[in-house]
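This briefing goes through one model by topic, with the terms defined where they are used. Please keep the sequence and the coordinates at hand while reading.

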Amino acid sequence: MPTLIEALGAHAGELAALRQDIHRHPEMGFEERRTAALVASRLRDWGIAVEEGLAGTGVVGTLRGRRPGGQAIALRADMDALPIAEVTGLPYASANPGVMHACGHDGHTAMLLGAARHLAENPDFGGTVHLVFQPAEEGLGGGRRMVEEGLFDRFPVDAVFGLHNEPGLALGRFGIRPGPMLANVDTWSVAFRGTGGHGAVPHRATDPTQPLAAFVGALQSVIGRDLPARETGVLSVGHIAAGDARAPNVIPAEARVTGTGRSFIPAVRATMGRRLRELAEALAAAHGCTAEVAYRHDYPALVNAPGPVALAARAAAALGGADTVDADYPPITAGEDFAYMAQARPAAFMLVGNGVAEDGSFHHVHTPRYDFNDALLPIGAAYWVSLVAHALGKDA
Ligand SMILES: [Zn+2]
Ligand SMILES: [Zn+2]
């Protein structure tokens with residue numbers, strides 16, 4: 001009797017070819033037309049009912065088990081790529097200049113397709129599995145749009161599950177935790193405004209670079225002095241702009257700074273937004289300037305529910321043993337729009353190790369040398385199949 005990973009590995013070459021084909025043809029969020037058509041046609045090939053056009057380019061396949069059972073679960077993969085110019089030099093590198101699968105969503109799509117085929121051929125479960133292929137995870141909120149457009153009204157489920165590769169985590173190791181697992185993502189900007197003037201006579205000007213410089217220095221006091229020491233918060237500056245490089249003797253009238261904020265709980269998010277505004281406005285006033293502050297909430301924190309997490313951890317442990325699963329994995333200060341699905345239904349978002357790159361180095365996601373590890377395809381697909389067996393097994 002082959003193990004589940006060995007069973008899924010029977011199609012490993014085909015899955016790798018599929019993954020590399022998607023990798024070669026990356027598409028940006030809400031533009032995944034080729035990818036969505038490929039997904040829909042494969043699902044239909046395997047006799048799976050398919051709905052297309054959810055949230056634009058989203059696809060949902062539905063499978064019913066041969067045993068009776070009233071439970072339903074959703075398994076979610078994302079399909080979109082990033083605006084990054086690939087430099088891997090791989091034979092299947094992006095043929096779409098400036099667009100790249102640098103987060104492994106090509107692999108996520110292929111792993112769920114691999115599971116779909118196996119489940120269609122072996123519907124030895126009771127209940128319903130919805131295979132959700134979502135568009136536009138990278139910043140555009142395709143997951144939110146799917147929920148807003150009635151994903152879970154059309155496809156009611158008791159729980160929803162996500163899976164993401166994690167570079168640097170050993171191949172096939174799993175990581176998950178109950179509660180907040182990925183962060184609230186905020187984007188903020190401050191425009192300091194004064195009068196500007198001649199650099200030779202600064203006393204005749206109000207200089208907005210002064211409060212900006214003080215603000216950048218003071219910003220980390222929000223983390224160190226305003227948050228409880230046990231809580232996590234991040235405020236990082238991403239861009240600063242003022243003046244004209246051709247005019248070093250001119251004090252600019254405006255100086256702008258923008259950045260990102262990360263947190264795991266609403267109270268920390270609120271404190272960071274409030275204190276950032278207070279500091280900007282007070283420092284501007286101290287220097288005779290004004291501050292226009294914008295603090296925008298993007299993706300919410302991804303909060304895993306305890307029940308689905310325990311189920312997911314058991315399903316992963318069934319593949320390679322309990323010591324391959326860290327069920328108290330440290331939370332990550334990146335964001336994920338699976339968070340919106342997790343707000344709508346009890347959810348578990350699992351990480352699986354992508355290992356290290358072929359050249360032995362560590363290529364993080366969102367970098368131009370990243371590549372999904374094809375050795376992970378049968379492992380991730382086996383996780384999905386194991387999850388269905390655990391969620392909708394004989395007793396369902
Ligand atoms: Zn990403
Ligand atoms: Zn991703």
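In helix 9, the residues L311, A312, R314, A315, A316, A318 and L319 meet I379, A382, Y383, S386, L387, H390 and A391 of helix 11, where contact means heavy atoms within 4.5 Å. Helices (H or I, at least four residues) and strands (E, at least two) are DSSP runs, numbered from the N terminus.

This is a predicted model, in which local features need pLDDT of at least 70 and side-chain atom pairs count only at pLDDT 80 or more, while totals for chains, interfaces and linings use all residues. Residues are numbered from 1 along each chain as its sequence is written, chains are lettered from A and ligands numbered from 1 in the order in which they are written, and side-chain values use heavy atoms, with hydrogens and water left out.

**Helix 9 against helix 11**

- By class, the contact of helix 9 with helix 11 has 11 nonpolar, two polar and one charged residues, with Ala, Val, Leu, Ile, Met, Phe, Trp, Tyr, Cys and Pro counted as nonpolar, Asp, Glu, Lys and Arg as charged, and the others, Gly among them, as polar.
- Helix 9 (residues 306-320) and helix 11 pack at an angle of about 125°, with their axes 8 Å apart; axes are lines fitted to C-alpha atoms, for helices over the stretch in contact, and angles run from 0 to 180 degrees between N-to-C directions.
- That angle makes helix 9 oblique to helix 11, since angles under 35 degrees count as roughly parallel, over 145 as roughly antiparallel, 65 to 115 as roughly perpendicular and the rest as oblique.
- Helix 9 passes helix 11 in a right-handed crossing; a crossing is left-handed if the near helix is turned anticlockwise from the far one by less than a right angle, and right-handed if clockwise.

**Helix 4 and its helical neighbours**

- Helix 4 and helix 11 (residues 377-391) pack at an angle of about 50°, with their axes 8 Å apart, and the two are therefore oblique to each other.
- Their contact is made by G107, A110, M111, L112, G114, A115, H118 and L119 of helix 4 together with L377, G380, A381, W384, V385 and V388 of helix 11, and its residues divide into 10 nonpolar, four polar and no charged.
- The crossing in which helix 4 passes helix 11 is right-handed.
- Helix 2 (residues 12-24) packs with helix 4 at an angle of about 145°, the axes lying 9 Å apart, and the crossing of helix 2 and helix 4 is also described as right-handed.
- From helix 2, this contact draws on E14, L15, L18, R19, I22 and H23, and from helix 4 on D106, G107, T109, A110, L113, G114 and R117; the residues divide into five nonpolar, four polar and four charged.

- An open sheet of eight strands has the order 1-2-4-3-5-16-6-15, with mixed pairing, where two strands pair if DSSP finds at least two bridges between them.
- Strand 1 (49-54) and strand 15 (325-326) are the edge strands, each pairing on one side only.
- Helix 4 (residues 105-121) packs on this sheet and touches strand 2, strand 3 (67-78), strand 4 and strand 5 (159-167), with its direction at about 160° to that of strand 3.
- Strand 2 (residues 58-64) runs antiparallel to strand 4 (residues 126-134), joined by six bridges, and T62 has H130 as its bridge partner in strand 4.
- Strand 1 and strand 2 run antiparallel and are joined by five bridges, with L54 opposite G58 of strand 2; in their hairpin, which has three residues between the strands, A55 takes a positive phi near 50°.

**The zinc ions**

- The protein donors of the zinc ion (ligand 2) are C103 (SG), H105 (NE2) and H164 (NE2), lying 2.1 to 2.4 Å from the ion; donors are N, O and S atoms within 2.8 Å of the metal (3.2 Å for Na, K and Ca), and water is not among the atoms, so sites may look incomplete.
- C103 lies in the loop between strand 3 and helix 4 and H164 in strand 5, so the pair ties together parts that are 61 residues apart in sequence.
- C103 coordinates both the zinc ion (ligand 2) and the zinc ion (ligand 1), which are 3.2 Å apart.
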